[in-house]
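Here is a short walk through one protein model. Keep the sequence and the 3D view side by side as you read.

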Amino acid sequence: MIEVKNLSFTYKEGSAPTVRDVSLSIPDGQFVGITGAAGSGKSTLTYAFNGIIPHCYPGDFYGSVLIDGKDTVETSLTDISRMVGSVCQDIDSQIVSSVVEDEMLYGLENFGVPATEIEPRMDEALDAMGISDLKYCNIASLSGGQKQKVAVAAILALRPRVLVLDEPTAELDPASSHAVFALLRDYASKRGITVIVIEQKIALMSEFADRLIIVKKGGILLDGTPAEVLENAELLQAEGINCPRATSLGNELAKRNLYAGPACRNVADALRACEIALGFEAAGANDAQAKLGAPSPAEGGQA
């Protein structure tokens, strides 16, 4: 769905590339999480995905970005936006209407969606984000999290092939953040769309993403499955990216040769790692407990 080849970009007012010689391929239907330190170039990279670069920001553009085989330099921003839907971090700057229903209608009507399809698309998108009850609400009365969901629903109603979201849970509490990611994952899997999320909450992305990309100084530092990326906890920490505590626990057990499975992404994974470390079967059980400094069952110890 997205093919980036040797991409480098320097903003007109900049003296050095913000993105440097990046090449990557994102297949159709993949859920990708992108993170990195402030100023690492992750937002610029996504601007290249949705055509904002080079169409809105002037600068030196090298390499190529293909969306479903179409070169973003040669394709108009209007045509790109039919394939790629974007939700920015500053939701208030993206919302153009005062009522939720009108916000949904704005994009659908501007894209020329047939009248017979508008209502079903609107209801489907609102339901997908769990906010059907907000359809006739005044947007000014909504919380930041509700506005976030409205903005996402308005884009989903356009049925893009790719969805790009810049910190979609910035104003949400942990429970709401988890719920939004679960809704996005469910919708994406049912529709087969590609989802790209810029997010600082690596634990959240690790649980839902198929792939994590860590950006450093405009280049790709790490790129792989969440388990593969989280194995590099010390490297991530050096970049100011805090790994989940579950990952730290699993990695520590791995260092002590008590656990040899994939990196832990959540509490359930960490629990499994502890069960393995403390409950090796047969002869391994005594060895594991000895390494932990606990008495073995034969010596009267308890599991």
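The text below takes one arginine and then a group of aromatic rings.

This is a predicted model: local features need pLDDT of at least 70, side-chain atom pairs count only at pLDDT 80 or more, and totals for chains, interfaces and linings use all residues. Residues are numbered from 1 along each chain as its sequence is written, and side-chain values use heavy atoms, with hydrogens and water left out.

Start at Arg-211, in strand β9 (residues 211–216). Strands are DSSP runs of E, at least two residues, and helices are runs of H or I, at least four, numbered from the N terminus. Arg-211 counts as buried because its relative accessibility is 10%. Buried means under 20% relative accessible area, exposed over 50%, and partly exposed in between (1.4 Å probe, protein chains only). Among the residues that Arg-211 touches are Phe-31, Val-32 and Asp-223. Contact here means heavy atoms within 4.5 Å.

Now turn to the rings. The whole structure holds six aromatic pairs. Rings of Phe, Tyr and Trp (its six-membered ring) pair if their centres lie within 6.5 Å; planes under 30 degrees apart count as stacked, over 60 as edge-to-face and the rest as tilted. Phe-9 and Phe-61 are edge-to-face because their planes meet at 65 degrees, with centres 6.4 Å apart. Phe-9 sits in strand β1 (residues 2–11) and Phe-61 in strand β4 (residues 59–67), 52 residues apart. Both Phe-9 and Phe-61 are buried.

Tyr-11 and Tyr-57 also pair edge-to-face, at 5.8 Å and 75 degrees. Tyr-11 is buried at 15%, whereas Tyr-57 is partly exposed at 35%. Ring pairs join Phe-9, Tyr-11, Tyr-47, Tyr-57 and Phe-61 into a cluster.

Conventions: Lists of a residue's contacts leave out its neighbours within four places in sequence.
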